Amino acid sequence: MPEPTKSPQGKATSGTSGGFAVPAWARDSLRWDTVVGALLVVLLICSFSMVDNFGNALNLSFLIGNTLPIALIALPMTMLVISGEIDLSVGSTAGLSGAVMGKLWNEGMSIETIIPLCVLLGVVCGLVNGLLVTRLGLPSLAVTIGTLAAYRGIAQIVLGSNSVTDFPQQYLDFGSGRIGGTFIPQAAVPWAVLLVIAVIVLHATPVGRSLFAVGASQEAARFAGIRVKRLKLSMFVATGTVSALTGVFWALHYASARYDNATGLELSVIAGVLLGGIDFDGGKGTLGGAVAGVFLLGALQNVMSLVNVSAQSQILITGVLLVISVLAPRVARQVGRARARRKAADAAPPAAALATG
Amino acid sequence: MTDPEPERTPVLALEGVSKSFGAVRALRDVSLRLYAGEAHALAGENGAGKSTLIKALAGVHRPDSGTVLLDGAPVVFHGPADARDAGVAVIYQEPTLFPDLSIAENIFVGRQPRRSFGRVDHKSVRQATADLFRRLGVDLDPDQPARGLSIADQQLVEIAKALSFDARVLIMDEPTAALTGSEVARLFGVVRALRESGAAVLFISHRLEEVFQLCQRVTTLRDGAWIASEPVEGLTEDDLVRRMVGRDLDELYPKQDAKVGEVALSVRRLTREGVFTDVSFDVRRGEIVGLAGLVGAGRSEVARAVFGVDRWDAGEVEVDGRPLKSGAPSLAMSAGLALVPEDRREQGLVMEMSIERNINLTGFGATSRAGLMNRGAERSRAVDWALRLQVKYARLADVVGTLSGGNQQKVVLAKWLATDPRVLIVDEPTRGIDVGTKAEVHRLLSQLAADGLAVLMISSDLPEILGMADRVLVMHEGRLAADIPRAEATEESVMAAATGRGRNAA
Amino acid sequence: MTMTAKPASAAPPEAASTSGFLDRVLKVRELAILVVLVLMLLATQLDNHAFLSEQGIKDLLLNATILVLVAVGQATVVITRNVDLSVGSTMGITAFAAGEFLRGGGNPLVGVLIAIALGIGFGVVNGLLVSLGQVPALVVTLGTLYIIRGLDSIWFGSKQITAADLPSGFADFGHNGFGAVPYLALLTAVVLIVAAYYLRSYRSGRDLYALGSSPEAARLAGVPVRKRILTAYIVCGALAGLAGALYLARFGNVDSGTGNGYELTVVSAVVVGGVAFTGGSGSVYGAALGALLLTSINSVLPSIGVSSVWVQAIDGILLLLAIAVDRVVALRVAAVLRKRAAQTRSAIHHA
């Protein structure tokens with residue numbers, strides 16, 4: 001009979017040697033998203049006190065405004081990654097949504113009709129990804145690399161190399177405006193609403209509980225009567241929808257709809273989400289961690305620009321953080337396991353003596 | 001149980017070896033000596049630690065304490081390659097083939113015969129494989145990819161692989177589980193020839209008669225501990241069973257008489273193409289119905305289809321008169337069906353989630369209000385059922401993977417009993433758990449049936465079927481071969497039906 | 001004690017024909033790409049008679065070489081059930097490094113070697129992270145994609161290398177050839193054949209397939225898993241480096257944006273060519289054909305009067321089509337095998 005060695009996907013089970021200690025992964029993930037949150041706070045405090053121009057309202061609104069598209073998509077992406085899937089086509093979906101918005105606006109349609117249509121487009125984009133993954137059983141990575149190219153390509157076909165800038169003023173104001181005299185962009189309000197909804201769904205509803213179970217062991221979830229395919233499909237649709245909304249926001253925020261809007265956005269989203277402690281293999285993580293990860297990256301980039309670190313070095317640092325964020329938990333786990341083994345070895349001699357005696 | 005061991009130096013031996021996985025102590029101070037020219041049986045119930053012991057010999061696991069001796073000298077195997085280089089060949093219970101590679105490559109991976117410049121000699125690889133198959137009397141195409149081979153054929157490839165080493169020690173973990181009589185005979189012929197040429201053999205089988213046929217010496221394990229090492233000669237099957245179980249059989253199978261009520265689960269002409277055909281049976285309230293058959297006969301597949309995890313192509317399933325839909329587990333659950341699946345680690349539990357979350361995976365309706373989870377309700381439901389089934393745990397928030405096999409199985413049972421089912425299907429309910437918990441699970445099943453639950457119990461453990469079931473259904477090659485009442489169910493009658501020599505065929 | 005025996009095994013003659021069937025399916029995969037490619041080129045030729053002229057063929061080959069090289073490396077990694085997303089960045093930085101060296105008056109051959117060495121260096125980093133760190137290859141190489149791109153930009157800033165900076169012999173090497181066959185294509189063909197031969201005829205090459213097919217079984221069979229994964233990444237990095245040098249020779253123009261987004265095209269080519277993401281199957285020939293198909297589409301579209309804005313969408317849809325068709329075929333094959341096993345079984349049953 002298979003002796004207990006490893007859990008399904010080859011992830012090692014908890015390496016604690018004591019029978020009743022807090023499970024290792026719980027401690028790890030707890031530590032990780034708290035650490036990221038703490039890092040963010042430390043960074044903000046240091047920046048306020050030491051970096052010129054960081055604390056002024058204009059810069060803060062820049063920071064938040066530039067990070068918002070990433071933070072928006074990070075909400076459904078977190079849930080998707082927790083369920084064990086990934087969507088690389090989010091940037092292209094956003095670009096396509098912006099391109100369609102520009103095209104329809106040029107055609108003379110009213111913006112009140114265009115935005116719902118763009119949202120619908122996001123639903124369709126998500127459905128295509130989700131159906132290919134859940135119905136045909138294809139790996140989401142391969143599927144969404146395909147749709148990454150396909151959606152961007154369609155955006156290019158739709159809008160060519162034009163850029164559309166003449167959206168109605170009140171919408172442009174919403175995209176770039178702030179609430180009263182504060183530094184908070186107006187668009188942060190709908191984001192906050194979505195954040196609250198996402199936190200509740202992921203951490204306090206049956207859907208959230210199911211997502212964690214599906215991500216940790218799809219087979220066991222299926223045997224518990226969870227509708228795995230439907231759940232995953234709905235997460236893909238949510239991701240597509242929010243990405244399309246982000247595309248609309250992007251076009252309004254930067255007052256420009258082009259086919260290459262939001263290119264590479266998927267990388268920033270995934271970097272933020274993984275940095276926030278969401279396990280790439282699924283089943284672990286918190287939304288708080290993901291949001292902290294996204295804003296940590298955003299704030300870091302903002303600070304680096306202020307202290308005249310080049311944009312290129314910022315790319316480098318993003319990459320290093322990404323590698324660390326996946327490497328660190330595993331190294332920590334292995335160190336923990338090695339320590340446990342040493343402890344077991346210390347306890348072993350009497351038993352061995354008994355055996356030979 | 002002293003054993004007059006030979007004076008010779010064992011080829012391969014374990015001395016005082018212990019191994020733990022988290023809280024699970026898989027091996028405790030176990031010793032084993034394998035001698036050249038001798039076939040040694042390893043006996044023990046499921047979960048007694050046999051597989052762990054083999055993996056320790058094969059270099060897959062490093063013992064926490066104790067030593068591995070090769071020709072009397074302590075060695076440390078850093079990996080399977082070390083053991084292989086020392087002449088230890090292992091046939092694992094579950095074939096470990098590369099589905100994308102050809103059969104010939106599967107056998108010779110990493111040690112293909114080479115031509116000049118280190119190039120792999122594909123022709124020799126093919127030729128050597130064909131030779132091995134001829135020696136085994138097997139008719140398989142060396143160029144065929146391993147994907148799509150039946151389990152029996154995969155097992156034959158594994159055997160050919162082990163033979164190709166010309167190993168000094170051959171370890172076989174239930175190599176015969178999926179083989180036909182003639183294939184077993186041929187395998188035994190090859191093993192005897194190997195043994196006579198001086199190889200040491202370690203053999204595990206659930207079929208005790210094979211142990212007596214093939215082996216000269218037997219070591220018994222129980223719950224990870226060494227019980228005895230002795231010559232096979234002079235032992236009876238009963239002696240061996242007593243060593244393995246360590247207690248009275250009546251105590252292990254505390255079946256109460258139950259009042260049998262109306263039909264709770266009705267399966268009619270259920271068919272899944274290529275898997276099982278035309279399966280019809282009823283399970284009544286208060287009844288434990290055993291579903292027996294050989295590995296691969298389609299028992300678990302029927303259970304999966306009835307529960308809805310797999311689709312069925314034709315037929316009907318009703319629970320308390322309510323028809324179920326094909327491929328809809330949530331519907332089956334709401335109709336009152338529960339399935340404790342075969343593979344606890346993959347299907348029964350989410351190993352890295354907590355005990356509480358696992359128990360509540362089936363109870364979102366009971367633990368949420370207006371779509372929001374109620375933490376209090378979650379906790380009390382989990383505590384309630386963990387206590388009722390006497391799960392031994394430190395905290396409900398502990399990861400379920402840290403529990404012992406028996407306690408894990410209790411969590412799976414808790415998770416399903418908490419749904420208040422009308423029909424409970426249990427697939428291999430006591431596989432890989434210790435004898436004490438096994439008796440507890442049996443008592444529980446018996447009690448549940450007495451309380452009016454309909455139970456369908458799938459098991460490869462024949463004594464368990466005979467000891468617990470009111471009625472035994474036997475499957476043979478995807479079809480229901482016999483329906484035997486308790487009074488007539490014997491090892492012989494069930495085996496006869498399972499191997500196609502049943503009453504229907506006779 | 002317990003009862004485990006077995007149902008009858010499949011009849012041997014059946015097994016042989018099954019193998020033929022599977023073999024055919026696998027070979028058909030590469031053949032299908034070839035047929036699509038040939039049909040597409042012929043149709044284009046009918047539409048535009050200048051298309052397959054000597055210069056036309058030369059352009060097709062030249063356009064394909066760089067992608068083929070990187071795709072061969074990528075295929076080696078994907079066969080082990082991993083992926084290397086940093087190839088685009090590696091190609092960019094090695095092209096620039098070679099360019100810098102040549103601009104300073106260096107020997108072209110040394111320049112190429114520098115590019116390869118640099119590629120190997122990044123391959124080692126990726127390979128060590130994936131094999132020792134045991135972290136998902138996708139995430140790690142996404143990280144190194146950023147890191148290498150960042151290094152590239154910091155190192156070179158807004159500098160640019162143009163054809164005028166390069167020795168003329170080097171640029172000639174990038175453009176000329178024997179008739180319709182450019183030198184670059186010949187070099188690529190040699191690399192392709194060597195890689196294919198290595199993967200087919202050396203133990204370590206076969207190990208790559210084994211460990212992609214089933215990592216657990218590979219471990220039990222004593223395959224040095226970490227070493228082999230490292231090797232695959234080194235091959236991939238080296239070929240990306242070589243591709244960087246050839247890119248320089250072919251285009252002459254390199255800036256810090258070179259190779260941006262190239263990883264997606266490479267992955268598409270590999271997957272379209274039948275190298276499965278799930279590891280263990282496919283061949284470098286398939287990957288090369290996939291690359292040839294993708295680059296040919298780029299040439300075909302303009303010559304039949306379709307705007308180049310369609311290229312990216314078609315690439316993406318082709319990738320989706322390739323994986324979807326592969327999957328459907330695999331499901332069909334499994335169903336056929338299942339039914340055949342059942343028939344054999346019931347044949348024995350009724351015998």
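This is a predicted model: local features need pLDDT of at least 70, side-chain atom pairs count only at pLDDT 80 or more; totals for chains, interfaces and linings use all residues.
**Helix 11 of chain C**

Helix 11 of chain C covers residues 262-272 and is mostly covered, with 11 of its 11 residues buried. Among them are Tyr262(C), Glu263(C), Leu264(C) and Thr265(C). The buried residues also include Ser268(C), Ala269(C) and several valines, one of which is Val272(C).

**Domains of chain B**

The domain assignment divides chain B as follows.

| Domain of chain B | Residues |
|---|---|
| Domain 1 | 12-97 + 149-246 |
| Domain 2 | 251-336 + 421-498 |
| Domain 3 | 356-414 |

Between the C-alpha centres of domain 1 and domain 2 of chain B there are 32 Å.

**A sheet in chain B**

An open sheet in chain B is formed by 4 strands in the order 12-11-14-15, with antiparallel pairing. Strand 12 (276-284) and strand 15 (322-323) of chain B each have a single partner strand and stand at the edges, so one side of each has no neighbour in the sheet.

Val319(B) has Arg322(B), in strand 15 of chain B, as its bridge partner.

Helix 10 of chain B (residues 299-307) lies across strand 11 (263-272), strand 12 and strand 14 of chain B. Its direction makes an angle of about 110 degrees with strand 11 of chain B.

Note on methods: Residues are numbered from 1 along each chain as its sequence is written. Chains are lettered from A and ligands numbered from 1 in the order in which they are written. Domain bounds come from an automatic or database domain assignment. Two strands pair if DSSP finds at least two bridges between them. Helices (H or I, at least four residues) and strands (E, at least two) are DSSP runs, numbered from the N terminus. Two residues are in contact if their C-beta atoms, placed from the backbone, lie within 7 Å. Axes are lines fitted to C-alpha atoms, for helices over the stretch in contact, and angles run from 0 to 180 degrees between N-to-C directions. A residue is buried if 20 or more other C-beta atoms lie within 10 Å of its own, exposed if 12 or fewer, and partly exposed in between; C-beta atoms are placed from the backbone.
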